[in-house]
Amino acid sequence: MRATVMYGAGDVRVEDVPDARLVESTDAVVVVSRAAICGSDLWPYKSMESSETGRRMGHEFIGVVDSIGEDVRTVKAGDVVVTPFVWSDGTCIFCREGLHTSCLHGGRYGSDGVDGGQGEAVRVPQADGTLVVLPVDKDDALMPSLLTLSDVMATGHHAALSAEVGPGKTVAIVGDGAVGLCGVLAARRLGAERIIILGRHPDRIAIAQEFGATDVVSERGDESVERVRELTDGFGAHSVLECVGLEQSTVTALRVARVGGAVGRVGVPQEESIPEGSRTFFDNVTIAGGPAPARAYIEELLPDVLEGKIEPGRVFDRVGPLDDVPDGYRAMNDREALKVLIEL
């Protein structure tokens, strides 16, 4: 079968790899029909050291179950399924607490001998705890939005929950990438009264406004903080979603939080330290977040997608076949594309 392999910074190839197959009795093999390139895939694309063996890529995909292990009970061959971006057993102490990303028996696609999602098929370990059956055909028009449940919509939702978004609150969202835009949807869905998007790309801002953003702050650094303060009578936002992971975005997120506010951090951190430590401590600012336990959220968000209440699939602005994946990485890295959908 063919799959995406990264050999180093800027070196992405689609090539022949061993076919996905059942290894454990709890496995399922899924034939991929839709996959995506994630913003987090760009970090190794920018910095990965050269490797002779390469790294299998991708963790967002929808497909059809091809075969199952003898101990799999909740999915069967022919089912259309979506996966969260990590696999988990659904039964360990952390899964039962809704923290599937910390599953004691889970793992990540593309590592430890597990296929990456940007390929023709994937062996999914712990299929019963991981896969969610979708009540639609594999070519349903809702596929782009359903695919976002594997990562970016779930992550935006996680950021909103971590930031304690609720009715009547003012929300600031730092970052206008796919996760930030899904954060706008999540904030609106949870009843936020005012949603401020911090970003500077006109096409993305247009989507944010259609998703529910009420205000736009295009400045950066100190100027962006001042602007948010102006919009909030000097107080700052009750809830702040940090959806980038860079030092500047983190500083901005922490500085625009009002006294007693909360910050939900879902951008993969690119620095080790948390800035603004003293001020956020003395202002009683809650700092929460982390990798989204998407498996805990998919069934909650799924009805809203099926009923058309939210359309997170609009974050996909480029569609192409598997062979176009290397150019998709380049386009996203060069800001020519927001998020790339792969059709197989």
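Helices here are DSSP runs of H or I with at least four residues, strands are runs of E with at least two, and both are numbered from the N terminus. The model is predicted: local features need pLDDT of at least 70, side-chain atom pairs count only at pLDDT 80 or more, and totals for chains, interfaces and linings use all residues. Residues are numbered from 1 along each chain as its sequence is written, and side-chain values use heavy atoms, with hydrogens and water left out.

Stay on Gly-277. Its relative accessible area is 39%, so Gly-277 is partly exposed. The scale is this: buried is under 20% relative accessible area, exposed is over 50%, and partly exposed is in between, with a 1.4 Å probe and protein chains only.

**Ser-249**

Next, select Ser-249 in helix α9 (residues 247-255). Ser-249 is buried because its relative accessible area is 8%. Show its contacts (heavy atoms within 4.5 Å). Leaving out residues up to four places away in sequence, Ser-249 touches Val-174, Glu-242 and Val-244. Zoom in on Glu-242: its side chain and that of Ser-249 are joined by a polar contact of 2.8 Å. A polar contact is a pair of N or O atoms within 3.5 Å; within protein, one must be able to donate a hydrogen and the other to accept it, and residues adjacent in sequence count only if both atoms are side-chain atoms.

**Strand β18**

Move to strand β18 (residues 340-343), which runs antiparallel to strand β3 (residues 28-36). Three bridges join the two. Strands count as paired if DSSP finds at least two bridges between them. Pick Arg-34: its bridge partner in β18 is Glu-343.

Now bring up β17. It runs parallel to β18, and four bridges join them. Val-319 stands opposite Leu-341 in β18. Trace the chain from β17 through α12 to β18: this β-α-β crossover is right-handed. That is, with the strands pointing away from the viewer, the path from the first strand over the helix to the second runs clockwise.

**Salt bridges**

Side chains of opposite charge can pair when their charged atoms come close. Here, a salt bridge is a side-chain nitrogen of Lys or Arg within 4 Å of a carboxyl oxygen of Asp or Glu. The structure holds 25 of them.

Select Asp-323 and Arg-2, whose closest N and O atoms are 2.8 Å apart in a salt bridge. The pair links distant parts of the chain, 321 residues apart. Asp-323 is in the loop between β17 (318-321) and α12 (325-333), while Arg-2 is in strand β1 (residues 2-8). Arg-2 counts as partly exposed, because its relative accessibility is 27%.

Next comes Arg-204 with Asp-176, a salt bridge of 3.7 Å, N to O. Arg-204 is in helix α7 (residues 202-211), and Asp-176 is in the loop between β11 (170-174) and α6 (178-189). Both residues are buried.

Then select Glu-300 and Arg-189, which meet at 3.5 Å, N to O. Glu-300 has 38% relative accessibility, so it counts as partly exposed.

Finish with a group selection: Arg-318, Asp-327, Arg-330, Asp-334 and Glu-336. Salt bridges that share partners join these residues into one network.
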